[in-house]
Amino acid sequence: MKIGIIVYSYTGNTLSVAERLKTTLEEAGDVVVLESIKAKNENPNTTKIELNVIPDARQYDQIILATPVRGFSVSPIMKTYLENWPNLDAKPIACFVTHAFPFPWLGGNSTLKMMKKLVEDKHAHVVSTGVVNWGSKKRESDIQKILTDFSDRKIWS
Ligand SMILES: Cc1cc2nc3c(=O)[nH]c(=O)nc-3n(C[C@H](O)[C@H](O)[C@H](O)COP(=O)(O)O)c2cc1C
């Protein structure tokens, strides 16, 4: 099984979790590729999104998507990427988000809901989700939960 971790990260929080996840999955014997989505202008205030690094999701058997929360929703760069996805016939997808506000209902939960819809619009399906509250004392346990949940082979079958 070839696993693709496709991440958007601006200040590095989401990417650092994605890197740990890659290591965990590789230690379990999986083949894992980590790819970052990039846009020409990543300034959070920009309204014009033009992607210039667009990972090809079709090459992977399983996909992990990761994004920061932006304004209670999916970061515009990840949203643009997913809106332009091809049809991904029933491919299994796990998603996680990182956010800074103290409670998941201040963005984490709504962002995951939105990610699920974007993924399902492309006929793929979400098999597991995770939220990391970056500003919380629970941050490390949030990350550990994602490492455990996403490396459990049962979710992918
Ligand atoms: C423009 C902007 C909007 C944000 N909006 C939210 C938000 O609505 N809720 C939240 O909890 N965190 C919000 N954050 C915080 C980021 O989600 C958080 O710092 C995240 O871990 C950053 O991930 P990254 O380092 O991978 O870019 C926002 C950050 C920025 C820059």
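Let's start with helix α2 (residues 76–83), whose buried residues are Ile77, Met78, Tyr81 and Leu82; buried here means 20 or more other C-beta atoms within 10 Å of a residue's own, with C-beta atoms placed from the backbone. Looking down the α2 axis, these buried residues sit within an arc of 130 degrees (taken from the directions from the helix axis to the C-beta atoms), so they line one face of the helix. This is a predicted model: local features need pLDDT of at least 70 and side-chain atom pairs pLDDT 80 or more, while totals for chains, interfaces and linings use all residues. Numbering runs from 1 along each chain as its sequence is written.

**Around α2**
- The cover over the buried residues of α2 includes β3 (38–39), β4 (51–53), β5 (62–70), β6 (73–74) and α3 (108–120).

**Overall fold**
- There are five helices and eight strands in the protein, taken as DSSP runs (H or I, at least four residues, for helices; E, at least two, for strands).
- The radius of gyration, over C-alpha atoms, is 14 Å, close to the 15 Å from the globule rule for 157 residues, so the protein is as compact as a globular protein of that length. That rule is 2.2 Å times the number of residues to the power 0.38.
- Buried residues account for 36% of the 157 residues.

Terms used: Buried ≥ 20, exposed ≤ 12 C-beta atoms within 10 Å, placed from the backbone. Contact = placed C-beta atoms within 7 Å.
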